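Student: I have a two-chain model open. Can we go through how it is put together?

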Amino acid sequence: MVASLFGRPIYIAETMEQMYLIGIGSLFLVVLTGLFSGQGFAIAFANELSDFGAKDYLGRIMSLAIVRELGPTLTGLMMAARVASGITAEIGAMKSSNQLDAMRSFGIDPIKKIAAPRLITLIVMVPAMTVICDAVAIFGAWLIAIFHAHISSTMYWAAIRERLVFGNIFIGLVKPVVFSLVIAFISCYKGFTSEGGTKGVGQATTDSVVMSSITILITNFVFTKFFFPMLRGYL
Amino acid sequence: MIEFRNIDFGYDEKLVLRDVSFDIDPTESVVIMGPSGSGKSTVLRLILGLECPQRGEIRIDGRNICVMKEKDKQELRKSIGMVFQDGALFDSRTVGENVGYYLIEHTGLSWQEIERRVREMLGFVGLDASEIIDKLPEELSGGMQRRVAIGRALLSTDPKIMLYDEPTTGLDPQSTENVLTLINKLTRERSISTVVVTHQIADALGVAKRFIVIHEGEVAFDGDFVGLRDCRDDRVRNFLGPFRASMDLVAEKKFMNGV
């Protein structure tokens, strides 16, 4: 399957269609997730920090937490829930109704035609959605900083800027690329290997979401605990 | 010409076909019959090179498809038209896009030219192009879907062989008649090999003079109508079941009527 993903032909029209369906289609979900998660975490942090008289640090903590952890993970999970299920169900339904075989009988490789455009789309769109989620979450936290914690706007943005260094941004962008690969491979694999008609497709779809979500959470931990500390001297 | 030589095929441990051998000559029409799950459809998938047998060889016009690279198989498939069970139309594409699928994917023809050919093909399979070309497959009846699938197979390839997997299953009598008429028309006008897989005995008699009965993966019968009617093999007799009594009537009506 992996070998079939690379090489010609490249289905540009399908890739553009997926960019729209997966990217634009997920925008509203990602914006809502970022806004309310950012606000929720900001309230919790602001309350806790104010007990120590340290609520001016809210911006620093939010910047770090959102860009390195919350943004990539929440976006990954949301995309896994929305996109992985869709991809697996679509491919599984095509398989059970012989559409994949029909495609092969017309000399078209279904992996190139169906999986490759979705993989490319996810590699582009998951990081892009993560950046949007980060921005909205930071904005949501700013609202809390101003109206709930009564921190000055200037101080909040200065703290945010202070922690938006190359290392944190790099980490915040590497994770979604890895998550996009996780979602693409698991969802396509589950779709192409689904068996047992409608029930089998339903089971494959559930498995796809569960496996993608768990793998994203485990991968996030592994990267944060083991991989990024190794790069500390370089970032 | 299609040659099956001692084919064994199975999924995992379970053998679906056992030592299956037969030849189908160019321009010959053959019906493969048998109960559900007997391995009939697998034969079509093997002819098309969608599966590879564990043992034996399959030759299409003298070329062993079992040892071919995928690219060569794709080339060979251009001479084989396949109508899948239930049509297997691409449900997110319109009828026009389905019928013109191959041309859209593999040729640089303009959409105007593709549409012209699609309309011509829809007319050939007895459908009103202007009425259905922009519809989705789900908006069509079962019979219309099968005819669209036949049109797609014809426009996609320059077939020397046409394969039909249960082309009339689930259709009403009128739609069944239309599809069978179309199959016969194609076989007659284009001088192609036709392989029809079905468990509808009445339909089988209407499209071929040679019958292969597969039972639990083995060829239980291979011969003409008279041989089928008089066959003493219990597997064949059980499959034909109550239909045996009325076979003579069906023969009079359909088979002997020049099919």
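Student: In what order do the six strands of the open sheet in chain B run?
Tutor: This is a predicted model. The pairing in this sheet is mixed. The six strands form an open sheet, in the order β6-β7-β8-β3-β9-β10 of chain B.

Student: Which strands stand at the edges of that sheet?
Tutor: Look for a strand with a single partner. Such a strand has one side left without a neighbour in the sheet. From one strand to the next, the twist averages 15 degrees. The edges are β6 (80-83) and β10 (218-224) of chain B.

Student: What is the bridge partner of Val83(B) in β7(B)?
Tutor: β6(B) pairs with strand β7 (residues 161-165) of chain B in the parallel sense, over four bridges. In β7(B), Val83(B) has as its bridge partner Tyr164(B).

Student: At what angle to β6(B) does helix α7 of chain B run?
Tutor: Helix α7 covers residues 142-156 of chain B. This helix lies across β6 and β7 of chain B. Its angle to β6(B) is about 165 degrees.

Student: Which are the edge strands of the open sheet of four strands in chain B?
Tutor: The order is β2-β1-β4-β5 in chain B, with antiparallel pairing. An edge strand here pairs on one side only. That gives β2 (14-24) and β5 (63-64) of chain B.

Student: Which residue in β5(B) is the bridge partner of Ile60(B)?
Tutor: Strand β4 (residues 55-60) of chain B and β5(B) run antiparallel, joined by two bridges. In β5(B), Ile60(B) is partnered by Arg63(B).

Student: What area is buried between chain A and chain B?
Tutor: 15 residues of chain A are in contact with 19 residues of chain B. Gln99(A), Arg104(A) and Phe106(A) supply 41% of the area that chain A buries against chain B, more than any other three residues. Carbon and sulfur atoms give 54% of the area buried between the two chains. The buried area is about 1500 Å².

Student: How many salt bridges cross the interface of chain A and chain B?
Tutor: The cut-off is 4 Å between a side-chain nitrogen of Lys or Arg and a carboxyl oxygen of Asp or Glu. Asp101(A) and Arg45(B) meet in a salt bridge at 2.3 Å, N to O. Across the interface, the rule finds three.

Student: Which helix gives the largest share of the side of chain A that touches chain B?
Tutor: By class, that side has six nonpolar, five polar and four charged residues. The largest share is six residues. They come from residues 99-105 of chain A, helix α4.

Conventions: Residues numbered from 1 in each chain as written. Chains lettered and ligands numbered in written order. Predicted model: local features only at pLDDT ≥ 70, side-chain atom pairs only at ≥ 80, totals over all residues. Heavy atoms only, no water. Contact = heavy atoms within 4.5 Å. Buried area = accessible area lost by both parts, 1.4 Å probe. Nonpolar A, V, L, I, M, F, W, Y, C, P; charged D, E, K, R; others polar. Pairing = 2+ DSSP bridges. Axes fitted to C-alpha atoms, helices over the stretch in contact; angles between N-to-C directions.
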